Amino acid sequence: METSSKKVGVLVPLNANLEEDTSNSIPRVEISKGINLLGRDVIPITDKRLSRKHVSVIVSADDSAEVLVEGTNPVVIRSQDQRRKKLLSGQKLTIRDGDIIELIPGHYLFKYKALDDVRKKSSPNKQKRPLTEGVQDEPLTQKRSRQVSEDEALARRLQTELNEDTQNTKNSAEAIRNFKPSEDKIPQTFRLMKVKGLQPWANTSSVSIADVIQGNVLIAVLSNYMVDIDWLMSACPNLKNIPHVLVVHGESDGRQANMKKLGNWIFHKPSLPIAWGTHHSKAMFLVYPEGVRIIVHTANLIYVDWNNKSQGLWMQDFPWKNQDCLNKGSGFETDLIDYLSSLKWPEFSVKLPELGSISFNSSFFKRFDYSSATVRLIGSVPGYHTGSNIKKWGHMKLRSILQDCVFDKEFQNSPLIYQFSSLGSLDEKWMSEFAFSMSSGVSDDKKPLGLGEPLIVWPTVEDIRCSLEGYAAGSCVPSPQKNVEKPFLKKYWAKWKATHTGRCRAIPHIKTFTRYNGQNLAWFLLTSANLSKAAWGALQKNNTQLMIRSYELGVLFLPSSTIHAHAFSCTENRTPSENIHTSSSKTHEEKRTKLVTLSSLHTKKMSDVITLPVPYELPPQLYSSEDVPWSWDRQYKKRDVFGQVWP
């Protein structure tokens with residue numbers, strides 16, 4: 001390290017919980033005036049993603065410190081409250097006391113602690129910092145004056161935005177305050193995930209991962225795209241006690257090598273027979289002595305997805321089948337077994353109470369009674385699907401289910417919503433094909449509902465800039481300019497506005513598709529699938545073949561005439577006999593459940609109304625001429641709420 005002798009600070013190693021790592025496996029690194037080189041030459045880490053000279057911390061004569069990326073791998077700087085700035089090779093950023101440096105994004109975290117005399121030189125009011133690229137040659141006094149001016153302007157702008165946000169909140173219905181579904185209706189709805197930094201009312205009935213993985217779990221199957229094992233174990237310590245854990249993931253080969261191979265954990269990446277596909281499904285299957293819990297959700301198993309984004313989650317518990325019902329199935333069971341079979345995970349032996357040693361495969365899940373399910377599963381599996389299989393997956397699966405459904409007349413030619421977080425390379429022909437599937441179904445008079453006009457709910461650049469994470473949130477909305485700025489898409493853009501759920505500034509990673517009229521919903525899909533041919537499939541060969549690249553999974557909410565007296569639970573003191581479901585024996589008295597949004601005026605106590613916490617407002621507001629849809633590969637010079645530009 002090329003330094004002068006005066007020590008100005010120290011880099012303290014942190015664990016996944018952002019607490020000081022006391023294991024002594026990685027030492028503290030002293031920072032002195034001058035150039036401090038950090039990498040494998042200084043830090044005893046064998047990971048070759050870490051360069052020998054990965055970053056340098058440059059401390060100037062005035063004790064200000066900058067991080068310069070020397071290596072080829074990116075570095076992330078977190079300021080207080082988890083705000084993040086990604087730096088690429090050759091980029092640099094001023095750091096202050098308390099900032100966190102991620103030498104590999106998500107890995108090898110160090111907190112910069114300035115010495116007391118250095119802290120005293122910093123203004124306590126300057127919490128946000130501007131970038132200094134391009135102005136390195138300014139005189140020091142002029143540079144300081146400019147920084148103070150920019151900080152003050154940023155603070156005024158942020159305060160104005162926060163005041164406007166607060167006023168909007170006061171004027172809104174804050175509809176999620178009243179979303180407290182009874183136990184018998186929880187399996188028929190879904191819930192939003194908790195977001196840090198929101199007002200308490202905005203997290204009403206919201207859930208965290210610890211609310212999901214709980215109780216005496218015997219076997220856990222965790223299906224996802226991205227998996228951070230260290231964070232997962234810290235967020236859900238109960239996982240350490242589960243005898244058998246299978247992780248079905250979509251991580252790259254490089255990331256797989258860094259997954260901890262825990263003794264009782266099995267990692268499986270399903271095959272991807274067609275280029276550019278991913279395993280993108282997000283679900284959990286938890287086996288208990290009492291039954292099975294199935295969860296379908298929208299979050300990667302990483303910190304930011306479960307804490308900073310707008311996300312959704314559905315779950316329901318199902319009891320074991322009685323011996324005389326072992327061969328009885330249901331539409332939900334068929335959906336589930338078909339999907340799980342496609343994953344082809346390596347079978348392994350498990351010991352279960354009363355069953356003894358058994359082989360754990362997809363057929364194991366036929367042992368549970370899914371007759372109480374009021375939802376259907378919509379999966380995607382990579383391949384060229386023909387014959388009867390063409391209706392098993394993707395948008396053709398959704399089409400086949402909706403075609404058999406009867407909806408209220410109010411949904412004839414009613415509009416559609418596509419809301420997601422990544423946009424594929426689309427064309428008008430495929431958009432018509434997709435809309436045809438989304439518009440399937442008939443009304444009470446047996447007439448087709450007819451095509452609905454779709455809108456795409458998508459964050460603007462301003463939404464990202466002013467979000468809880470600033471521009472950093474844009475890294476989780478990974479759509480390039482060439483996909484977003486196709487001229488034919490302009491007519492589809494609609495704003496992300498979520499005042500009634502308190503999530504205007506929590507950028508959506510949730511994916512939803514629906515058909516609506518006012519605040520009433522014909523159907524609603526919560527899914528991992530973005531709007532892309534890879535996720536939903538594209539018809540080929542004169543519509544006789546469906547080509548899908550990726551694995552996806554979603555849960556479809558439909559109007560139902562099934563009445564549930566009690567909801568079965570694997571973790572509460574209820575018996576399967578209490579799980580009663582009946583259908584009206586008098587056809588003329590049947591009443592379909594009505595699906596409504598949080599803003600519906602329907603009385604929530606009515607037994608035939610199911611409230612779904614759609615996080616955005618309906619009908620959505622179209623983009624104005626000033627609104628620009630977010631693209632993650634464009635440059636944005638207007639500073640975000642943390643004083644950063646992008647990239």
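Trainee: How many bridges join strand β17 to strand β18, and do the two run parallel or antiparallel?

Mentor: In this predicted model, five bridges join β17 to β18, which spans residues 356-360, and the two strands run antiparallel. As one example of the pairing, Phe348 has Phe360 of β18 as its bridge partner.

Trainee: Which residue in the hairpin of β17 and β18 takes a positive phi?

Mentor: Three residues lie between the strands of this hairpin, and in the hairpin Glu354 takes a positive phi near 70°.

Trainee: Which residues of β17 form its covered face, and which its uncovered one?

Mentor: The general idea is that, in a regular strand, side chains alternate between the two faces of the sheet. In β17, residues 348-352, the covered face holds Phe348, Val350 and Leu352, whereas Ser349 and Lys351 make up the uncovered one.

Trainee: Moving on to the nonpolar core, which residues touch the most other members in the largest one?

Mentor: As background, nonpolar side chains tend to be buried together in soluble globular proteins. Here the largest nonpolar core has 71 residues, and Trp314, Phe365 and Phe557 touch the most other members. Helix α6, residues 331-343, gives the most to this core, with six residues. Leaving aside residues up to four places away in sequence, the residues that Trp314 touches include Pro187, Phe190, Ile294, Phe332, Leu526 and Phe557. Apart from this core lies another, of 46 residues, with Phe411, Ile456, Trp536 and Trp646 among them.

Trainee: Is Asn36 buried or exposed, and what does its side chain reach?

Mentor: Asn36, which has its place in strand β2, residues 29-38, counts as buried because its relative accessibility is 0%, and the cut-off for buried is under 20%. The side chain of Asn36 reaches the backbone oxygen of Ser32 at 2.8 Å.

Trainee: Which residues of helix α8 are buried, and what does a side-chain oxygen of Asp427 reach at the start of α8?

Mentor: In α8, residues 428-438, the buried residues are Trp430, Met431, Glu433, Phe434, Ala435, Ser437 and Met438. At the start of α8, a side-chain oxygen of Asp427 comes to within 3.2 Å of the backbone nitrogen of Lys429.

Trainee: Finally, how many disulfides does the structure hold?

Mentor: A disulfide is a covalent bond between the sulfur atoms of two cysteines. This structure holds zero disulfides. As for individual cysteines, Cys405 is buried, with a relative accessible area of 15%, and Cys570 counts as buried at 5% relative accessibility.

Note on methods. Residues numbered from 1 in each chain as written. Predicted model: local features only at pLDDT ≥ 70, side-chain atom pairs only at ≥ 80, totals over all residues. Heavy atoms only, no water. Core = buried A, V, L, I, M, F, W, Y, C linked by side-chain atoms within 4.5 Å. Buried < 20%, exposed > 50% of the residue type's maximum accessible area, 1.4 Å probe, protein only. Helix = DSSP H or I, 4+ residues; strand = E, 2+ residues; numbered from the N terminus. Contact = heavy atoms within 4.5 Å. Pairing = 2+ DSSP bridges. Polar contact = N/O pair within 3.5 Å; in protein donor to acceptor, adjacent residues only side chain to side chain. Disulfide = S-S within 2.5 Å.
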